[in-house]
Amino acid sequence: MKLLTFIRQGAPALGVKTERGVLDVSTAAAAAGREAPASVMEAISQGASAVAALADLAAAAPADSSAWLQEDALEFGPCVTEPKKIICVGLNYRKHAEETKAAIPEYPILFNKFHNTIAAHGQDIAIPRSTAMLDYEAELVIVIGKKTKYVSREQALGHVFGYCCVNDLSARDLQLRTPQWMLGKIGDGFSPIGPYLVTADEVGDPNNLSVQTFVNGEQRQNSNTSDMIFRCDEIVSYISQHLTLEPGDVILTGTPEGVVLGYPKEKRVYLKPGDVVTIEIEKLGSLTNRFVAEEA
């Protein structure tokens, strides 16, 4: 199932993408006199029971119901609206580590982002005045569905609700000032996420998905999650040994080769106002954002 957030009268609302269109969950539930999760965060926390209820609601909605919406007319919100934690894995693709001349890590390199970085598909992203080196990073996101602590690698993916796309934007000049990367990762809107949150059953193996990035229509990244150094089950298990993961927490799993930083210096052209970046991950859809100058 593909869940999404859309903006209705200035507030986020839950939608389900189907072959018939996007189902406005609250409108459909009210018309049918049924209970249904009111938000994507409720759907994540309720897990399989919410997914089943949403599937039944979509199947029962009449074709002429006002609950069916046209996707191209929607304003999207972030597909996960209120993650308590945003945990990132750095240098997690072998070819990306090689292109940046970094050593292959022995353990997952972890850092964090904050809620201010969360943005939506279709949202304009302002390039901060503090950077001249804004880079794109296509990444698969793991969305946790159950409270998770000390989970084994064998059981880890059973704690995942679903997956989505993110552009882990990185201000390289700020990121590389010090050994700690955080400053280059925490700009406003630096984690556009979506367009859909796709349930784990629909995705299948998360380590066999194509990953691509296009800048103004030009392909820049073209890889597969099979190139991860630490696979998704290992990442979830490893993090859970050190802190408790909660439903709705998101884990950014690293980016493949093809980022601007990986080009020879004379060929590096960082993002500028007017650029349009699209992240495509197999089974998860296309996440597109336009970049603009920050207002004075």
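Student: Is Tyr238 buried, exposed or partly exposed?

Tutor: Let's start with the ground rules: this is a predicted model, where local features need pLDDT of at least 70, side-chain atom pairs count only at pLDDT 80 or more, and totals for chains, interfaces and linings use all residues. Residues are numbered from 1 along each chain as its sequence is written, and side-chain values use heavy atoms, leaving out hydrogens and water. Buried means under 20% relative accessible area, exposed over 50%, and partly exposed in between (1.4 Å probe, protein chains only). Tyr238 has a relative accessible area of 25%, so Tyr238 is partly exposed.

Student: How many aromatic pairs does the structure hold?

Tutor: Rings of Phe, Tyr and Trp (its six-membered ring) pair if their centres lie within 6.5 Å; planes under 30 degrees apart count as stacked, over 60 as edge-to-face and the rest as tilted. By that rule, the number of aromatic pairs in the structure is 2.

Student: Is the pair of Tyr107 and Tyr238 stacked or edge-to-face?

Tutor: The ring centres of Tyr107 and Tyr238 are 6.5 Å apart. Their planes stand at 25 degrees, so the pair is stacked.

Student: Which helix holds Tyr238 in that pair?

Tutor: Helices (H or I, at least four residues) and strands (E, at least two) are DSSP runs, numbered from the N terminus. Tyr107 sits in the loop between α4 (94-99) and β7, and the pair ties together parts that are 131 residues apart in sequence. The helix of Tyr238 is α8.

Student: How many of the 9 residues of α8 are buried?

Tutor: Among the buried residues are Cys232, Ile235, Val236 and Ile239. What covers the buried residues includes β6 (86-90), α5 and β17 (250-252). Helix α8 is largely enclosed by the rest of the structure, because its buried residues number 7 of 9.

Student: Which residue does Asp233 meet in a salt bridge?

Tutor: A salt bridge is a side-chain nitrogen of Lys or Arg within 4 Å of a carboxyl oxygen of Asp or Glu. Here the N to O distance is 3.1 Å, and the partner of Asp233 is Arg153. Asp233 lies in helix α8 (residues 232-240) and its partner in helix α5 (residues 153-156), so the pair ties together parts 80 residues apart in sequence.

Student: Is Arg220 buried or partly exposed?

Tutor: Arg220 forms a salt bridge with Glu218, with the closest N and O atoms 3.4 Å apart. Glu218 is partly exposed at 45% relative accessibility. Arg220 has a relative accessible area of 18%, so Arg220 is buried.

Methods: Contact = heavy atoms within 4.5 Å.
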